[in-house]
Amino acid sequence: MMDVLVLDNDAERRRRFVDALDWLGCSSGVFEADALATANTWITTANCRVALIGPELAEGTMTAIDHLRRRLDEAQIVAYQAFDHRDRSLRQSFRIAGANYVFDSRMSSWKIALLLRPLMQKMECGLVSGLAAIPARQRMQLQQEA
């Protein structure tokens with residue numbers, strides 16, 4: 001069982017993500033945090049291989065992504081926020097900051113579970129390692145395009 005960190009200051013959104021993880025069979029290794037300081041506590045005690053980062057954090061979502069990418073260099077970072085489907089710049093900024101996956105937070109728990117299922121299966125089988133989803137060359141290219 002792998003550990004998953006859910007960092008979001010909104011209890012309702014955290015609950016939806018925890019429910020989604022529970023449906024995927026990942027309920028025993030889920031650590032909830034409402035601020036980066038709390039997340040740091042979990043990081044030192046748990047072996048988090050996946051981190052889900054929500055919007056509107058006091059420290060800022062970009063700061064949280066960057067911080068967790070440096071602390072959890074082998075983890076998969078998933079950032080979520082309510083996005084305008086026509087505006088790609090914010091999603092691209094999250095990817096540049098270090099998020100492996102970015103998606104809209106307005107989905108129901110079962111839709112979130114459907115999105116997370118392939119990632120969680122790959123992580124359980126050891127098929128994905130940290131930054132494998134964004135090779136360094138592609139990350140540099142994304143930064144140049146921004």
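The entries below follow the order in which I looked things up.

**Ground rules.** I am working from a predicted model, where local features need pLDDT of at least 70, side-chain atom pairs count only at pLDDT 80 or more, and totals for chains, interfaces and linings use all residues. Residues are numbered from 1 along each chain as its sequence is written, and side-chain values use heavy atoms, with hydrogens and water left out.

**Overall layout.** I found 6 helices and 5 strands in the protein chain. These are DSSP runs numbered from the N terminus, with helices (H or I) of at least four residues and strands (E) of at least two. Along the sequence I read the pattern β-α-β-α-β-α-β-α-β-α-α. Next I looked at contacts, meaning heavy atoms within 4.5 Å. Of those between residues at least 6 apart in sequence, 72% join residues at least 24 apart.

The accessible surface of the chain comes to about 7,600 Å², and carbon and sulfur atoms hold 50% of it. I took areas from the Shrake-Rupley method with a 1.4 Å probe; for residues, only the protein chains shown count as cover. I call a residue buried under 20% relative accessible area, exposed over 50% and partly exposed in between (1.4 Å probe, protein chains only). Buried residues make up 46% of the 146 residues.

**Aromatic rings.** How many aromatic pairs does a search of the whole structure find? I got 5. Rings of Phe, Tyr and Trp (its six-membered ring) pair if their centres lie within 6.5 Å; planes under 30 degrees apart count as stacked, over 60 as edge-to-face and the rest as tilted. I noted Tyr80 and Phe103 as stacked, because their ring centres are 6.3 Å apart and their planes at 25 degrees. This pair links distant parts of the chain: Tyr80 is in strand S4 (residues 76-81) and Phe103 is in strand S5 (residues 101-104), 23 residues apart. Tyr80 is buried at 0% relative accessibility, and Phe103 is buried at 10%. Together with Phe17, Tyr80 and Phe103 form one aromatic cluster.

I also checked for a charge over a ring (NZ of Lys or CZ of Arg within 6 Å of the ring centre and within 35 degrees of the ring normal). The charged end of Arg91 sits over the ring of Phe83, 5.9 Å from its centre.

**Salt bridges.** My rule here was a side-chain nitrogen of Lys or Arg within 4 Å of a carboxyl oxygen of Asp or Glu, and the count came to 8. One of them joins Asp19 to Arg15 at 2.5 Å, N to O. Both residues lie in helix H1 (residues 11-23), 4 residues apart, about one turn of the helix. Asp19 is partly exposed at 23%, as is Arg15 at 39%.

Asp104 bridges to Arg106, with the closest N and O atoms 2.6 Å apart, and Arg106 is exposed at 56%. I then looked for shared partners and found that salt bridges join Asp8, Arg13 and Glu56 into one network.

**Nonpolar patch.** Last, I looked for patches, made of residues with over 30% relative accessible area and no salt bridge; like charges are joined within 9 Å, and nonpolar side chains (Val, Leu, Ile, Met, Phe, Trp, Tyr) within 5 Å. Trp23, Trp110 and Leu114 form a nonpolar one on the surface, with about 390 Å² of accessible area together. Trp110 lies in helix H5 (residues 109-125) and is partly exposed at 48% relative accessibility.
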